[in-house]
Amino acid sequence: AVVLTATVVSSLEVNLVWSAPSGAAAVRVDRERQSGGRWTSKQRVCCTDFRLAHRDNSLAPYTTYRYTLEVELSDGSTQIATKEARTFPAAPTAPQNLVVVSVTTTSVSLRWNAPDPANGLVETYEVVVDGTNRTSTSQLEMTIGNLSPYTTYSYRVRASTRSRDGTSLV
């Protein structure tokens, strides 16, 4: 029986290794991407020659892929193995559409949209006031208080996944 293993190496790469029984005449590896709960974008990723490994390094971060190994034997029969792998998270892109929702003499309420692509599960948003004061939230909005009346402030918001900080939205 054929055995397929898929080892996630990074946010962009999965290493595939398989065994094939003696008498294998052809090997094919197809990849599908999970999107919206469905498998889409089926494409052949390997092989025109007979080998027992493939490095798939054209992937998207934090995405689940299903690999199907098909080994055609010299007697005409076919053996199939499948394996799923999810790439690691990467740094998210900047949050989008930062807007001021309301202003008082000593506070400001901000709102923004999640980054797209998020490249993983966004765990926190860091709000930076004037480049120094940092505050974190898991929400898509925040009210910042204790501000001085009649003073201009700048705001930045940055999303972070478990392992990576993203770029800032000013």
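User: Is Glu72 buried, partly exposed or exposed?

Analyst: This is a predicted model, so read every value as computed from predicted coordinates. For burial, look at relative accessibility. Under 20% is buried and over 50% is exposed, with partly exposed in between. Glu72 has 30% relative accessibility, so Glu72 counts as partly exposed.

User: Which residue does Glu72 meet in a salt bridge at 3.6 Å?

Analyst: Look for a Lys or Arg side-chain nitrogen within 4 Å of an Asp or Glu carboxyl oxygen. Here the partner is Arg28, at 3.6 Å from N to O. Arg28 sits in strand β3 (residues 24-35) and Glu72 in strand β6 (residues 64-73), so the bridge ties together parts that are 44 residues apart in sequence. Arg28 is buried, at 18% relative accessible area.

User: How many salt bridges does a search of the whole structure find?

Analyst: The search finds eight. Take Glu13 and Arg55 as one of them: their side chains meet at 3.7 Å, N to O. This pair links distant parts of the chain. Glu13 is in the loop between β1 (3-8) and β2 (14-19), Arg55 is in strand β5 (residues 53-56), and 42 residues separate them.

User: Are Glu13 and Arg55 buried or exposed?

Analyst: Check each partner separately. Glu13 has a relative accessible area of 16%, so Glu13 is buried. Arg55 reaches 52% and is therefore exposed.

User: What is the N to O distance between Asp30 and Arg44?

Analyst: The distance is 2.7 Å, and the two side chains form a salt bridge. Asp30 lies in strand β3 and Arg44 in strand β4 (residues 38-46), 14 residues apart; this pair, too, links distant parts of the chain. Asp30 is buried, with 9% relative accessibility. Arg44 is partly exposed at 48%.

User: Now the backbone. Where are cis peptide bonds found?

Analyst: The general idea comes first. Cys47 lies in the loop between β4 and β5. Another joins Asp116 and Pro117, with omega about 10 degrees. Pro117 is in the loop between β9 (108-113) and β10 (124-129).

User: Which residues other than glycine have a positive phi?

Analyst: Most residues other than glycine have a negative phi. Asn97 has a positive value, with phi near 55 degrees. Asn97 is placed in strand β8 (residues 96-103). Asp130 also has a positive phi, near 55 degrees. Asp130 is in the loop between β10 and β11 (133-137).

User: What is the relative accessible area of Asp130?

Analyst: The value is 38%, so Asp130 is partly exposed.

Notes: Residues are numbered from 1 along each chain as its sequence is written. This is a predicted model: local features need pLDDT of at least 70, side-chain atom pairs count only at pLDDT 80 or more; totals for chains, interfaces and linings use all residues. Side-chain values use heavy atoms; hydrogens and water are left out. Helices (H or I, at least four residues) and strands (E, at least two) are DSSP runs, numbered from the N terminus. Buried means under 20% relative accessible area, exposed over 50%, partly exposed in between (1.4 Å probe, protein chains only).
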